[in-house]
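Open the model in your viewer and follow the stops below. Each one says what to select and what is there.

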Amino acid sequence: MVRPVSAAALLFALFAPLAAQSRLDSGINAKIREEENGHSQIMKTLHVLTDVYGPRVTGSPNLKAAGEWAIKQMQSWGFTNGHLEPWDFGHPGWVNERFSAHITAPVKDQLTCEVVAWTPGTDGTVAAPAYQMQMPNRPDAAQLAAFLDGEKVKVKGKIVLVGKHTIVPVNITPPAKRRTDEDVRAQYDPDNPNGGRGRGRGNDQPPPPMTARQIDEQVDAFLVANGARVRVNDAAREHGQIIAFNNRTYDLAKAVPTVVMRNEDYGRISRLLADGSAVELEFNIVNKVYPEGRTAYNTIAEISGSDKKDEIVMLGGHLDSWQSATGATDNAIGCATMMEAARILKAIGVAPRRTIRVALWSGEEEGILGSQAYVKEHFGTFENQKQPEYSKLVAYLNIDSGTGRARGAGVFGPPAAAAVVRRALAPFQDLGVAGASATTSRVIGGTDSTSFNNVGLPGIGFGQDPIEYNTHTHHTNLDTYERVIEDDVKASAIAIAATLYELAMRDEMLPRLPAAQMPPLPTPTRP
Ligand SMILES: [Zn+2]
């Protein structure tokens with residue numbers, strides 16, 4: 001036996017408040033479980049958001065229509081004050097409507113690619129020789145300019161493969177799909193000094209002289225100026241996975257039609273070119289631009305409160321997605337989960353004391369823009385508060401890491417705030433929930449809860465089992481309905497509904513950091 005006294009003390013500390021809490025809420029928690037297990041709407045919501053409205057790129061008609069549908073759906077559940085809230089995205093909407101790619105010589109075959117957002121279409125079929133531009137490694141601006149100068153005549157009229165083929169090694173030891181209980185408990189253990197901090201990976205290399213974005217933009221400008229027909233990038237991932245982001249200038253005139261090709265097709269063409277074969281390719285890309293997309297929308301609906309209705313508990317996730325799949329795990333399922341958590345409370349007849357507000361964000365993928373615009377508009381910052389709203393927000397709950405069940409929560413604020421959330425989650429250990437820990441980071445990054453943390457408001461981010469998120473679905477062409485595990489997302493909805501109930505009903509607001517302990521606003525580091 002090791003240190004029996006402290007172990008007993010620990011047990012007491014763990015279970016005494018837990019037992020009191022379960023007695024208090026056992027009735028409501030049983031009803032929450034019963035509603036979700038018997039009458040779940042979560043997979044139906046997921047189906048509509050993905051199959052009917054996906055992909056949901058910010059500024060696109062699809063995303064707006066998804067928001068309008070979500071409002072109607074929440075109204076049919078008895079929610080009120082449903083509306084789209086505009087904010088200035090500043091870029092047109094963009095949609096890829098049609099796309100095909102083929103190799104026509106020395107063999108005939110179809111090629112698997114995804115179109116890069118905010119790049120132009122091909123205006124009909126483009127058939128041209130392939131040329132592979134072997135990019136210099138970590139160039140500075142002068143080296144890149146000198147290199148590109150030597151490539152001018154070679155890219156004219158060509159379909160240009162930009163960069164060497166990436167060798168993706170076969171992964172013999174894929175990462176675990178679930179986290180162990182021990183690991184999750186350690187992360188959310190309030191007494192663990194390293195808990196909840198995340199484990200950053202070290203990087204010995206000094207930063208390159210130019211960022212990938214700077215190189216990209218210079219290459220784009222070069223290809224436009226020198227008459228390249230299409231730009232092709234290597235997906236550089238295994239099993240046909242493709243991640244296609246955007247032309248970050250959002251200006252279609254500043255790029256040629258651009259796709260990301262699966263690593264296997266890119267490799268095949270690279271090897272044929274290395275043989276000395278002439279390779280002919282054929283692309284047809286139809287993209288459409290929507291000027292009205294400059295105004296984007298956050299989707300809002302409420303369950304109005306009673307005696308404390310001017311105090312607000314928010315919950316949500318981002319509704320926008322990237323374009324190469326239907327954005328199921330990132331993040332239709334997060335939206336479906338938060339809509340569901342609120343729906344459960346309505347369905348079991350809870351009359352919340354505080355107003356519950358669901359917010360489905362846009363512009364997350366382009367830089368967490370929609371939630372930041374909302375926070376700025378409604379709350380201000382700790383340093384420049386909009387009163388009284390700033391002091392009326394109890395918390396904002398966010399989920400955005402795929403299909404894996406919620407295993408714990410990171411709460412911006414003092415340890416006492418995390419303790420409230422931990423008590424609400426304690427009855428759900430059977431669903432794998434370990435607890436909650438406090439964070440005081442005001443850095444914006446990762447997801448929308450950080451927009452709240454950034455201004456000193458209590459953002460709560462749920463940590464989830466990874467399942468296939470980082471390995472397969474996050475931002476990829478494989479992010480579809482099929483990748484969502486119903487049991488897991490129902491478990492998340494149950495635990496979050498119980499947390500929401502606690503925050504909407506308890507006498508006090510969630511404790512906040514005293515002014516003296518509020519960390520200073522970090523200076524933005526985004527490139
Ligand atoms: Zn996301």
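The radius of gyration used here is taken over C-alpha atoms, and the globule rule is 2.2 Å times the number of residues to the power 0.38. Keep in mind that this is a predicted model.

Start with the whole protein chain. Because a compact globule of 527 residues would have a radius of gyration near 24 Å, the 25 Å of the protein chain agrees with that rule. Along the principal axes, its C-alpha atoms fill a box of roughly 75 × 55 × 45 Å. Switch to a cartoon view: the protein chain holds 14 helices and 16 strands. Of its 527 residues, 49% count as buried. Take the contacts between residues at least 6 apart in sequence: 85% of them join residues at least 24 apart.

Next, colour by confidence. The average pLDDT of the protein chain is 93, and 92% of the residues score at least 70. Select residues 1-23, where the pLDDT is below 50; this stretch has 5 contacts in the model beyond near neighbours in sequence.

Now go to strand β4, residues 113-115, and pick valine 115. Is valine 115 buried or exposed? Valine 115 is buried, because 25 other C-beta atoms lie within 10 Å, and the cut-off for buried is 20 or more. Show what it touches: leaving out residues up to four places away in sequence, valine 115 contacts Asn96, Phe99, Ala244, Val259, Ile285, Asn287 and Gln323.

Finish with a distance. Select the C-alpha atoms of valine 115 and proline 466: they are 351 residues apart along the chain and separated by 27 Å.

How values were computed. Residues numbered from 1 in each chain as written. Predicted model: local features only at pLDDT ≥ 70, side-chain atom pairs only at ≥ 80, totals over all residues. Helix = DSSP H or I, 4+ residues; strand = E, 2+ residues; numbered from the N terminus. Buried ≥ 20, exposed ≤ 12 C-beta atoms within 10 Å, placed from the backbone. Contact = placed C-beta atoms within 7 Å. pLDDT = per-residue confidence, 0-100.
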